[in-house]
Amino acid sequence: MADVLNNHKGYEINLEASKRYNFEWLNLTPALGALYHDDNFNEFYYGVRPAEARPTRSVYYSGDAVNWYAQLMANFMITENWTFTASVRYEWLPDEVTNSPIVGRDYQVSTIAGVYYKF
């Protein structure tokens, strides 16, 4: 994946292994994966340029890194046409990210939920 607007001038590569389990009204998909972010990507999101530095926030240049993650996605069929979907991902952040003075944790949790209608 690349930045089409050319803001961070970097790229991300995602490698994932997943297995879908189908039940009558529920589908569960656990996954394990790795996200590779090049140095431009990490520098844009986690770096601190000299102009951005403050006494409590030192200059920081990040390199490329791999973030490992575990994810669970669920689809619950409410009716034949309506489905509720949700996902939660736990991501372990590497030293190239956590050493940044603007990062306060060594992990990241993200969730998403929604409802969709199938025509």
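Residues are numbered from 1 along each chain as its sequence is written, and side-chain values use heavy atoms, with hydrogens and water left out. Because the model is predicted, local features need pLDDT of at least 70 and side-chain atom pairs count only at pLDDT 80 or more, while totals for chains, interfaces and linings use all residues.

**Whole chain**

Followed from the N terminus, the elements run β-β-β-α-β-β-α-β. The radius of gyration is 18 Å, well over the 14 Å that the globule rule gives for 119 residues, so the chain is more spread out than a compact globule. That radius is taken over C-alpha atoms, and the rule is 2.2 Å times the number of residues to the power 0.38. Along the principal axes, the C-alpha atoms fill a box of roughly 55 × 25 × 25 Å.

Colour the chain by accessibility next. Of the 119 residues, 29% count as buried; buried means under 20% relative accessible area, exposed over 50%, and partly exposed in between (1.4 Å probe, protein chains only).

**Helix α1**

Select residues 39-46, which make up helix α1. Which residues of α1 are buried? They are Phe41, Asn42, Glu43 and Tyr46.

**Aromatic side chains**

Show the rings of Phe41, Phe44, Tyr45 and Tyr46, which form one aromatic cluster. The structure holds 8 aromatic pairs. Rings of Phe, Tyr and Trp (its six-membered ring) pair if their centres lie within 6.5 Å; planes under 30 degrees apart count as stacked, over 60 as edge-to-face and the rest as tilted.

Zoom in on Phe44 and Tyr45: this pair is edge-to-face, with 5.0 Å centre to centre and 85° between the planes. Phe44 counts as partly exposed at 35% relative accessibility, and Tyr45 also counts as partly exposed, at 42%.

Then move to Tyr45 and Tyr46. Their ring centres are 6.5 Å apart and their planes are at 55°, so this pair is tilted. Tyr46 is buried, with a relative accessible area of 16%.

Technical notes:
Helices (H or I, at least four residues) and strands (E, at least two) are DSSP runs, numbered from the N terminus.
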